[in-house]
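Trainee: I would like to go through this model feature by feature. Please give the general idea each time, then the case at hand.

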Amino acid sequence: MEATFVRRPWLLPLILALLTLIVLRPVVLRPEPGQVLDGSDFRDMFYPLHEYIAQTLYSGELPLWNPHQFLGHPISGNPHAALFYPATWFMWIVGVRRGMNLMLALHTWWAAWGMARLARSFDSSHIGSLLAGVIYAMSGWVGARYYAGHYNLLIVFAWIPWVMTAYRYALARKTWRSTLPGMAALGLTLLAGHPPLTVYLGLSLVTLWLYNAARSRYRLRALWDGGRLLAITIIGAVVLGAALVLPAAELTTRSARTTTDETFNNSYALPPAQYLSLLIPDLFGRPKTPTAYWGAQNYEELTAYAGLLPLLAIPLAFRWKKDDSAYWIGLVALALILSVGLDGGLMALLWRWVPGFSFFRVPARALFFLLLAVAGLTAQLVTHLQTSNVDERREALRPALRVWLPALGAILFVGAVYFGGSVANSSIINGNSPQREFVVAGALTSAAVIVLGVWVVLWLWTSPKTETVQWALLFTCLLVTLDAWHVVIPLITVSTITNSPIWTDAKTIVPPGPDSRLDLLLTVNIASVNGLYNVLGYDPLPIEAYRKLREVADAHIAFDRLDMLLGVNYLVEDTDKPISASNIEPIGHSDNALFYHRKDVFPRAWFAAGVTVEPNDKLVQQSVILGDKDLHNVFVDRPLTCPIASGSANITEYRPNDVTIKTNGGGGVLILSDQYYPGWNATIDGKPVDIYRADTVFRAVCVPAGDHTVRYEFRPLSLFMGIVVSAVGWVVLCAVALFVRRRPRQSPPVGFETQPLDIYD
């Protein structure tokens with residue numbers, strides 16, 4: 001069987017493609033009309049975001065700013081938009097929902113193939129590498145991401161083994177030219193837009209660097225060479241990914257992530273009880289049935305089931321004398337230390353001393369390293385089983401066959417009988433079946449069956465007969481694949497997702513235009529798609545100043561004052577909660593809600609009655625939300641020279657990246673109740689003027705008396721600089737790659753122990 005792959009290396013990616021089609025058949029096969037992947041983040045964030053981007057492009061605008069969420073939010077620096085990653089362009093062409101499904105399927109296959117190539121670079125067999133690809137891309141960790149709808153994470157996840165393989169290639173070649181594949185792969189990873197997982201990729205590269213140095217006779221030389229190659233790769237990748245890196249860095253430094261603390265950073269650390277789910281995946285139920293799941297919150301962050309045989313590969317790695325096993329065992333230790341968060345110690349050090357690491361939370365996501373490790377160890381285990389003789393296999397497998405698996409199977413069987421008896425007893429006495437006991441009994445039974453299957457497979461490997469060993473190899477492939485699939489397949493589902501009736505009704509009842517704002521919590525990002533303006537939104541990187549303002553209002557239930565200042569002039573209430581007030585008038589109703597117009601709110605553009613300079617945002621937020629000061633008197637963050645007079649303002653043009661306001665009268669400080677953010681430029685009658693930050697969140701300019709045209713334009717310098725840097729970088733990379741390709745290939749220098757890795761075999 002192995003010889004077939006040697007003669008036909010294209011079989012490996014082909015088989016992985018077929019397996020991907022089986023696992024993702026609901027995604028790849030054209031679903032029924034209206035059916036899409038139903039992960040919560042797909043519905044609430046990614047579909048609306050990318051549909052808005054596509055709509056903006058088709059209307060002839062560049063998707064740089066989204067005025068429909070919060071008080072406006074940048075798209076150019078939003079990692080989840082990933083404007084410059086090719087998969088995003090594909091979605092614009094074929095349609096967002098269909099395109100996203102196909103790109104996810106393609107990247108799942110790419111992840112599997114990449115892991116197989118990484119395993120091959122560690123001298124694993126073709127079949128062992130094939131199983132490594134299945135474990136990495138088609139097991140519980142990936143299924144949980146589909147369940148949650150983590151689109152960008154899955155895209156970046158697909159590139160990680162390719163970048164690692166490319167770096168190993170550079171370590172073997174030891175030349176700057178050998179960094180080009182890794183530079184390109186890491187540059188695309190940065191453009192794909194998931195910074196937290198990209199940081200974990202960086203840690204993976206560091207582990208390869210240190211491991212390569214540790215196993216060399218010339219450790220200091222290897223440490224220097226590996227560090228130099230890694231630095232070249234990272235610097236080149238940052239240049240290639242600058243189109244997203246620069247604007248994303250700008251957004252991050254102004255987002256809610258700038259004020260994180262250890263409690264936030266430690267969110268969703270792995271609880272000790274959840275370690276059991278690494279062995280028994282459904283022990284706490286399945287999240288697709290909410291009433292049948294009682295494990296810790298954020299199932300997607302705590303799930304990393306890869307299969308029983310891959311887990312068994314960890315202790316079995318100590319039974320063979322193989323140097324590279326130490327690397328994978330080290331990754332297992334790293335995963336367990338990082339995933340427990342502050343209790344592990346190492347995560348706290350990274351938060352304090354690694355720049356940018358404090359922006360991230362969810363320590364349990366470090367279970368990614370466990371997934372990577374068990375995939376690599378499984379490839380090595382299968383390779384050892386294929387290449388060792390019967391005596392070596394018997395010696396290595398003896399404790400698993402005689403002690404580990406029988407003991408584990410007995411524990412699982414007794415547990416299944418105990419919980420099954422509880423169900424039967426409750427049914428007889430109370431006439432009902434306790435759901436949790438029923439689920440636990442089923443999970444334990446399923447795990448016991450898998451233990452039995454693993455025992456049979458390993459027992460077959462101890463046979464001296466060649467034909468039996470061939471059957472053992474086939475059954476190993478089937479067992480590993482089906483064990484991984486039995487968790488991932490139920491988590492990848494599609495369903496019919498329709499627009500909320502309230503949003504559909506709102507679009508017909510609420511008048512269009514920039515003066516129409518709502519404060520509607522239900523599926524908040526739908527406003528981006530139907531053209532309304534919602535002062536709420538769902539995004540991991542909200543602007544910190546606005547988040548703090550709403551946080552103060554939320555803490556003191558002071559939304560009435562805040563909504564009045566924000567210009568929230570349309571209210572939506574349930575039909576059983578009618579509103580009666582002199583400042584509110586009903587404008588319509590539907591089967592789902594009542595719609596009201598509020599008459600006493602501020603217009604979107606208005607002149608301040610007074611100005612106070614106060615750079616302390618906390619004091620301003622408290623005064624605006626809780627103070628008794630007239631809201632027409634605004635706070636600004638720095639001194640300005642402007643007459644306090646009276647005037648009128650009218651928005652005449654409101655586009656995603658441009659706002660035009662006509663003013664007349666005595667002039668003064670003009671407030672536009674849109675989000676203050678770098679990259680917005682203002683002109684008065686064509687002449688540039690400074691933009692001030694008013695009430696911590698609004699844009700303000702000083703307008704002289706008379707009739708004037710004030711124009712805001714969003715032209716972020718960070719984006720245009722990033723585009724130029726990325727474009728030049730890709731042109732130079734392609735030119736250098738063509739030049740290098742024309743030159744004869746050189747052998748690695750004498751004295752570099754690692755053999756050159758033919759990653760293109």
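Mentor: We start with confidence: pLDDT is the predictor's confidence in each residue, from 0 to 100. A contact means heavy atoms within 4.5 Å. This is a predicted model, in which local features need pLDDT of at least 70 and side-chain atom pairs count only at pLDDT 80 or more, while totals for chains, interfaces and linings use all residues. Residues are numbered from 1 along each chain as its sequence is written, and side-chain values use heavy atoms, with hydrogens and water left out.

Trainee: Over which residues does pLDDT stay under 50?

Mentor: Where pLDDT is low, the predicted coordinates should not be read in detail. One such stretch is residues 748-761, where pLDDT stays under 50 and the model has 31 contacts beyond four places in sequence. Another is residues 428-432, also under 50, with three contacts beyond four places in sequence. For the protein chain, the mean pLDDT is 87, and 93% of the residues reach 70 or more.

Trainee: How many disulfides does a search of the whole structure find?

Mentor: A disulfide is a covalent bond between the sulfur atoms of two cysteines. The criterion here is a pair of cysteine sulfur atoms within 2.5 Å. The search of the whole structure finds one. It is formed by C642 and C702, with their sulfur atoms 2.1 Å apart. The torsion about the S-S bond of C642 and C702 is about 105°, so this disulfide is right-handed.

Trainee: Which parts does the pair C642 and C702 tie together?

Mentor: Helices (H or I, at least four residues) and strands (E, at least two) are DSSP runs, numbered from the N terminus. C642 lies in the loop between β10 (633-636) and β11 (647-655), and C702 lies in strand β17 (residues 698-703), so the pair ties together parts that are 60 residues apart in sequence.

Trainee: Is C642 buried or exposed?

Mentor: Buried means under 20% relative accessible area, exposed means over 50%, and partly exposed is in between (1.4 Å probe, protein chains only). C642 is at 16% relative accessibility and therefore counts as buried. C702, at 21%, counts as partly exposed. As for other cysteines, C477 is buried at 16%, and C734 is partly exposed at 43%.

Trainee: How many residues of helix α7 are buried?

Mentor: Twelve of the twelve residues of α7 are buried, so the helix is largely enclosed by the rest of the structure. Among them are H126, S129, G133 and Y136.

Trainee: What do the buried residues of α26 pack against?

Mentor: Six of the eight residues of α26 (residues 559-566) are buried, so this helix is largely enclosed by the rest of the structure. The six are R561, L562, D563, M564, L565 and L566. They pack against α25 (544-555), β7 (594-598), β8 (605-607), α27 (617-626), β13 (668-675) and β17. After α26 comes G567, whose phi is positive, near 80°.

Trainee: In what order do the strands of the sheet with β5, β6 and β7 lie?

Mentor: Strands of a sheet pair through backbone hydrogen bonds, either parallel or antiparallel. The criterion for pairing is that DSSP finds at least two bridges between two strands. Here three strands form an open sheet in the order β5-β7-β6, with antiparallel pairing. β5 (570-573) and β6 (584-589) are the edge strands, each pairing on one side only. β5 and β7 are joined by four bridges, and V572 stands opposite F595 in β7.

Trainee: Which strands pair with β14?

Mentor: β14 (residues 680-684) and β18 (residues 708-714) pair in the antiparallel sense over five bridges, with N681 opposite E713 in β18. Three bridges also join β14 to β15 (residues 687-689), again antiparallel. There, T683 has P688 as its bridge partner. The hairpin of β14 and β15 has two residues between the strands, and D685 takes a positive phi near 55°. β14 is mostly covered, with four of its five residues buried.
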